[in-house]
Amino acid sequence: MTTLHHEHPTHEHSHGPGCGHTEVDHGDHTDYAHDGHLHREHSGHWDECEPAGHVAHEGHPHAHGAGCGHEAVPHGDHVDYAHDGHRHAEHDGHYDDH
């Protein structure tokens, strides 16, 4: 899994267990949904976390959307939903894991 390195320059809030933001396990680190995007700790600062690749989430019976109960995270031209420890994005009739 590859992530781009894009530092979030003015992040004064420290994330961690119990900080109040949705935690999303992402490979070897944890992302925190905050201010409409995902942050990850990296070398003493916070980065925006952008995944690369396309991984379909198989067997996803729940439809995401406004009011579904999962945190919406705007992501480029679509919305991801934090669900079961990862983000789901609707794509061509299925959901992708981000």
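Trainee: What makes the link between the side chains of His88 and His64 a polar contact?

Mentor: In this predicted model, the two side chains are joined at 3.3 Å. A polar contact is a pair of N or O atoms within 3.5 Å; within protein, one must be able to donate a hydrogen and the other to accept it, and residues adjacent in sequence count only if both atoms are side-chain atoms. The value for His88 and His64 is 3.3 Å, so the pair meets the limit of within 3.5 Å.

Trainee: Why is His88 called buried?

Mentor: Buried means under 20% relative accessible area, exposed over 50%, and partly exposed in between (1.4 Å probe, protein chains only). His88 has 0% relative accessibility, so it counts as buried. Its contacts (heavy atoms within 4.5 Å) include His57, His60, Tyr81 and Asp97, leaving out residues up to four places away in sequence.

Trainee: Where does His88 sit?

Mentor: His88 belongs to strand 9. Helices (H or I, at least four residues) and strands (E, at least two) are DSSP runs, numbered from the N terminus. By that count the chain has ten strands and zero helices.

Trainee: What joins strand 10 to strand 6 and to strand 9?

Mentor: Three bridges link strand 10 (residues 94-97) to strand 6, and four link strand 10 to strand 9. Both pairs run antiparallel. Asp96 of strand 10 stands opposite Ala56, and Asp96 is also the bridge partner of Ala89.

Trainee: Why do strand 6 and strand 7 count as edges?

Mentor: The open sheet has five strands in the order 6-10-9-8-7, with antiparallel pairing. Strand 6 (55-57) and strand 7 (72-75) each have a single partner strand, so one side of each lacks a neighbour in the sheet. From one strand to the next, the twist averages 45 degrees; axes are lines fitted to C-alpha atoms, for helices over the stretch in contact, and angles run from 0 to 180 degrees between N-to-C directions.

Trainee: What makes Asp92 worth a look?

Mentor: Asp92 has a phi near 50 degrees, a positive value in a residue other than glycine. Most residues other than glycine have a negative phi. Asp92 lies in the turn of the hairpin formed by strand 9 and strand 10, with two residues between them.

Trainee: Is Asp92 buried or exposed?

Mentor: Asp92 reaches 69% relative accessibility, so it counts as exposed. Across the chain, buried residues make up 37% of the 98 residues.

Trainee: How do you know where confidence is lowest and highest?

Mentor: We read pLDDT, the predictor's confidence in each residue, from 0 to 100. Strand 1 (residues 6-7) has the lowest mean, 57, and strand 8 (residues 78-83) the highest, 82. The chain's mean is 75, with 81% of residues at 70 or more. Where pLDDT is low, the predicted coordinates should not be read in detail.

Trainee: What conventions apply?

Mentor: Residues are numbered from 1 along each chain as its sequence is written, and side-chain values use heavy atoms, leaving out hydrogens and water. Local features need pLDDT of at least 70 and side-chain atom pairs count only at pLDDT 80 or more, while totals for chains, interfaces and linings use all residues.

Notes
Two strands pair if DSSP finds at least two bridges between them.
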